[in-house]
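Subject: Structure handover

Hello,

Here is the structure I said I would pass on.

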Amino acid sequence: MASLNKLTVKRVQTLKAVNGKSIRKSDGGGLYIYVKPNNLKFWEFRYTRPVTGKKTFIGIGSFSDVTLSEARDVFKKPVI
C-alpha cells in the first residue's frame with residue numbers, strides 16, 4: 001500500500017524545478033504538487049477516468065491559495 005502524507009509544508013516550500021523542467025512530487029493517495037519552471041506550485045489530483053480508463057490530473061489550486069491540509073481534504077469529502 002502506498003504511504004500517505006509524504007510531503008511537509010517546509011518540503012513543498014523548498015521544492016524547485018530542475019534544470020528548467022517541471023517536476024511533480026507525490027504526497028500519496030493521488031495528490032501531487034506540480035512545480036513549473038518559473039517555480040510556481042500547484043496542487044493536482046491524479047485519477048483514472050471511469051469511461052476511458054486513462055489516467056489524468058485535475059487541478060486543485062495553487063500552493064499560495066490552497067494549504068497542504070486543504071489539498072489533502074479536497075477528495076475526502078463525499079460528492080453529492
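The notes below go from the whole chain down to single residues.

Please keep in mind that this is a predicted model.

Overall layout

The chain contains two helices and four strands. Their order along the sequence is α-β-β-β-β-α. The radius of gyration is 13 Å, close to the 12 Å that the globule rule gives for 80 residues, so the chain is as compact as a globular protein of that length. Taken along the principal axes, the box filled by the C-alpha atoms is roughly 35 × 25 × 25 Å.

Of the contacts with a separation of 6 or more, 25% are between residues 24 or more positions apart. Buried residues make up 30% of the 80 in the chain.

Surface and charge

The accessible surface is about 5,800 Å², and carbon and sulfur atoms account for 54% of that area. On the charge side, there are 16 positive and 5 negative side chains. The centres of these two sets are 10 Å apart.

Nonpolar core

In soluble globular proteins, nonpolar side chains tend to be buried together. In this model, the largest nonpolar core has 15 residues. Val12, Ile33, Trp43 and Ile60 are the ones with the most contacts inside that core. Two or more residues each come from β2 (31-35), β3 (41-48) and α2 (68-73). The largest share, three residues, is contributed by β2.

Which residues is Ile33 in contact with, leaving aside its neighbours within four places in sequence? The list is Leu7, Val12, Leu15, Ile23, Arg24, Lys25, Lys41, Phe42, Trp43 and Phe63. Val12 and Trp43, both in that list, are also among the core residues with the most contacts.

Ser62

Ser62 is in strand β4, which covers residues 55-62. Is Ser62 buried or exposed? Its relative accessibility is 14%, so it counts as buried, the cut-off being under 20%. Apart from neighbours within four places in sequence, Ser62 has contacts with Lys41, Phe42 and Trp43.

Arg11

Arg11 belongs to helix α1, residues 9-14. With a relative accessible area of 40%, Arg11 is partly exposed. Between Arg11 and Lys25 there are 10 Å in space, C-alpha to C-alpha, for a sequence separation of 14 residues.

Most residues other than glycine have a negative phi.

- Asn19 has a phi near 50°, which is positive although the residue is not glycine. Asn19 sits in the loop between α1 and β1 (23-28). Its relative accessibility of 75% makes Asn19 exposed.
- Asn39 also has a positive phi, near 65°, and is likewise a residue other than glycine. Asn39 is located in the loop between β2 and β3. At 31% relative accessibility, Asn39 counts as partly exposed.

To recap the main points: the pattern is α-β-β-β-β-α, the largest nonpolar core has 15 residues, and positive phi values are found at Asn19 and Asn39.

Regards

Terms used: Residues numbered from 1 in each chain as written. Predicted model: local features only at pLDDT ≥ 70, side-chain atom pairs only at ≥ 80, totals over all residues. Heavy atoms only, no water. Rg over C-alpha atoms; globule rule 2.2 N^0.38 Å. Buried < 20%, exposed > 50% of the residue type's maximum accessible area, 1.4 Å probe, protein only. Contact = heavy atoms within 4.5 Å. Areas by Shrake-Rupley, 256 points an atom, 1.4 Å probe, with all protein chains shown as cover. Lys, Arg positive; Asp, Glu negative; His and termini not counted. Charge placed at Lys NZ, Arg CZ, Asp CG, Glu CD. Core = buried A, V, L, I, M, F, W, Y, C linked by side-chain atoms within 4.5 Å.
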